[in-house]
Amino acid sequence: MWLALAANKILEDRQNHDYQTSSAQIQNLTLFVSSWNVGGIAPPSELNMEDLLHTENNLADIYVLGFQEIVPLNAGNILVQENTSISMQWNSLIRAALNKTHAISLHHKAELGESHQKVYPLKREGSFTTSKTSNSPHFECIISKQMVGIFITIWARSPLLPSIRHISVSSVGCGIFGCLGNKGSVSVRFCLHETSFCFVCSHLASGGKEGDKRERNANVSQILSRTQFSSDPFQCLPRKILQHDRVIWLGDLNYRIGLPEPTTRSLVTDKQWSALLQNDELKAELREGCTFEGWNEEDIQFAPTYKYNLDSDDYYGCNNQKGKKEKNRTPAWCDRIIWFGKGLKQRQYSRGESTLSDHRPVRAFFTAEVNVQCQSTENFVKLFS
């Protein structure tokens, strides 16, 4: 009896979904996505997050920030899935930067004579407690999740919260023994109105030796096959990464440049990005369509993000003392943001310049299409007018 009722409910939901899709309108949303390997360094309280968040001009509607190595990847840490203290420090800095910038932006517009006195009544829905009203929308964290050194945190404008549903997280460890979380991914799924989003934050196998690229590709295959989100017997929800409407993969993907080190360093010095990218491992995977079949990446017009001396703009190994034995790390675009499917348009791809770690962060702005029901379209437009 219960199975029959459940089957009827699923059929009804699907029929309703078909009707809703046909009566939906497309609205555009601005996404900000960034990735940063922070090299196991805890964030100093004075760290300026505004460079990473790129908030000097306009604020996005949703911010997705992925980090790698938020804790040192030593033997003690790789057995501990979460370090609440470190993740809270990062979230505190992000919250302060987003909401400070938003307050300044509103103050500046008020000085220009623009009115910003709209009230957005918010209600409890799903996992959100948003019973307060506000004279202006601010940003709230909708989900954050850590697996050893991998950390993803997602922030949205408060008026969007009632329309964000079915949040789910799936973590995949690909590190030591093929299962520990020193390498792998943390993925987040949610639905905004009638559109599903999936964000994959990963840290893939490192190294520039023969066979290391195959291990990275194997990590990708494992993440795609093993990631699985929660289901709902009364909802037709995507459970696998590629089943979602809008998919973005970010992280320290660790792909290298397939040239001799002296050649790579010379081309980096001369800023010959095109010549370097012709030999970039990830670009080759995207062209050949094997590991990342159907995935896309915007043109790269910035310097390789790895590996730098700490607190320096010099690449590691470029000023080694004579006779000093150190393991070389050839410059590479290890840190990347790619996307899959339709309905996404990348507007910007750049890097930040913080010298906190041996990586530079990367960031991207996207315009994402969102299907909104006709009865909700007017309200959705008001949120961003």
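Why does Phe197 count as buried? Phe197 counts as buried because its relative accessibility is 1%, where buried means under 20% relative accessible area, exposed means over 50% and partly exposed lies in between, with a 1.4 Å probe and protein chains only. Phe199 is likewise buried, because its relative accessibility is 1%.

The structure is a predicted model, in which local features need pLDDT of at least 70 and side-chain atom pairs count only at pLDDT 80 or more, while totals for chains, interfaces and linings use all residues. Residues are numbered from 1 along each chain as its sequence is written, and side-chain values use heavy atoms, with hydrogens and water left out.

The chain contains eight helices and 12 strands; helices (H or I, at least four residues) and strands (E, at least two) are DSSP runs numbered from the N terminus. Of its 385 residues, 52% are buried. Among contacts (heavy atoms within 4.5 Å) with a separation of 6 or more, 72% involve residues 24 or more positions apart.

Six strands make up an open sheet of mixed pairing, in the order β3-β4-β2-β1-β12-β11; two strands pair if DSSP finds at least two bridges between them. The edges are β3 (139-147) and β11 (344-351), each of which pairs on one side only. On average, neighbouring strands of this sheet are turned by 20° against each other, direction ignored; the axes are lines fitted to C-alpha atoms, and angles run from 0 to 180 degrees between N-to-C directions. Within the sheet, β1 (residues 24-37) and β2 (residues 62-68) run parallel and are joined by seven bridges. Leu31 stands opposite Ile62 in β2.

Aromatic side chains form 18 pairs. Rings of Phe, Tyr and Trp (its six-membered ring) pair if their centres lie within 6.5 Å; planes under 30 degrees apart count as stacked, over 60 as edge-to-face and the rest as tilted. Phe197 and Phe199 are stacked, because their ring centres are 6.3 Å apart and their planes at 10°. Trp273 and Trp333 have ring centres 6.1 Å apart and planes at 80°, so this pair is edge-to-face. Trp273 belongs to helix α6 (residues 273-277) and Trp333 to the loop between β9 (295-296) and β10 (335-340), so the pair ties together parts that are 60 residues apart in sequence. Both Trp273 and Trp333 are buried.

Ring pairs also link Trp249, Tyr255, Phe292, Trp295 and Phe340 into a cluster. Over the ring of Tyr255 sits the charged end of Arg216, 5.5 Å from the ring centre; the criterion is NZ of Lys or CZ of Arg within 6 Å of the ring centre and within 35 degrees of the ring normal. Arg360 lies over the face of Tyr308, at 3.8 Å from the ring centre.
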